[in-house]
Amino acid sequence: MNIILFGPPGAGKGTQAEKMISHFNLPHLSTGNIFRENIKNKTTLGKKVTSILDAGELVPDKIVVELVADELGKEKYDKGVILDGFPRTVKQAEELDTYMNQNGKKIDSFVTLTVPEEELINRILSRGQGRSDDTPEKIKTRLQVYRDETEPVLNHYQNQDVVKEIDGVGSIDEIFGRIKTALT
Ligand code: ADP
């Protein structure tokens, strides 16, 4: 089962991904986590993307698409994946479609978490993970980038009839319950 977990920054994708990993027994692919890991380890990729993440902007499509294609080629994703933070632009979604077609795979579900903007900002400011992009100014940039570049990805998948819209307000378990219901 190939699932895309979608939503704005602070919607709870990472939290719900953790629960889905064990429940559905699927591996997690978070592009944000991969970038942060590379930054921490000062790899070539990490050095290339540090200032981009820091500014709350998007990493260029080419870099992200190559990274994800490489990753998805690994055996551990043969039975499926929970994609988190990707695709984040329509171009990335189109490239993913091509990749899936070429490899005899398909996206089964596109789970989108809906949370009001005010709540998003509160959640990010209170999660206190010390992320350099979690300051009020950068959150504003990330939400703007989300509205301009990422939200159109939802329309892209609406045309493919795989979208499950989930109310992202409530307790972690309540929200997870809604996801389970939508996926089974
Ligand atoms: P959040 O959803 O909380 O903003 P992520 O961990 O998904 O956090 O992403 C953090 C940052 O990593 C983004 O602001 C962006 O700079 C970069 N990034 C992650 N995924 C992508 C992607 N698919 N395309 C471009 N940039 C990305």
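**Rings and a ligand, step by step**

This predicted model holds three aromatic pairs.

User: What makes Phe6 and Phe110 an aromatic pair?

Analyst: Their ring centres are 4.8 Å apart. Rings of Phe pair if their centres lie within 6.5 Å, so Phe6 and Phe110 qualify.

User: And why is the pair called tilted?

Analyst: Look at the angle: there are 40 degrees between the planes. Under 30 would be stacked and over 60 edge-to-face, so 40 degrees lands in the tilted class.

User: Which parts of the chain does this pair link?

Analyst: Distant ones! Phe6 sits in strand S1 (residues 2-6) and Phe110 in strand S4 (residues 109-114), with the two Phe residues 104 residues apart.

User: What about Val59?

Analyst: Here a polar backbone atom is involved, 3.1 Å from a ligand nitrogen atom.

User: How much of the ligand does the protein cover?

Analyst: 97% of the 550 Å² of accessible area that the ligand has on its own.

User: Which residues surround the ligand, and which element gives the largest share?

Analyst: There are 18, and the closest include Thr31, Arg36 and Glu57. Helix H2 (residues 31-40) gives the largest share, four residues.

Definitions and conventions
Residues numbered from 1 in each chain as written. Predicted model: local features only at pLDDT ≥ 70, side-chain atom pairs only at ≥ 80, totals over all residues. Heavy atoms only, no water. Near = heavy atom within 4 Å. Polar contact = N/O pair within 3.5 Å; in protein donor to acceptor, adjacent residues only side chain to side chain. Areas by Shrake-Rupley, 256 points an atom, 1.4 Å probe, with all protein chains shown as cover. Phe/Tyr/Trp six-rings, centres within 6.5 Å; stacked < 30°, edge-to-face > 60°.
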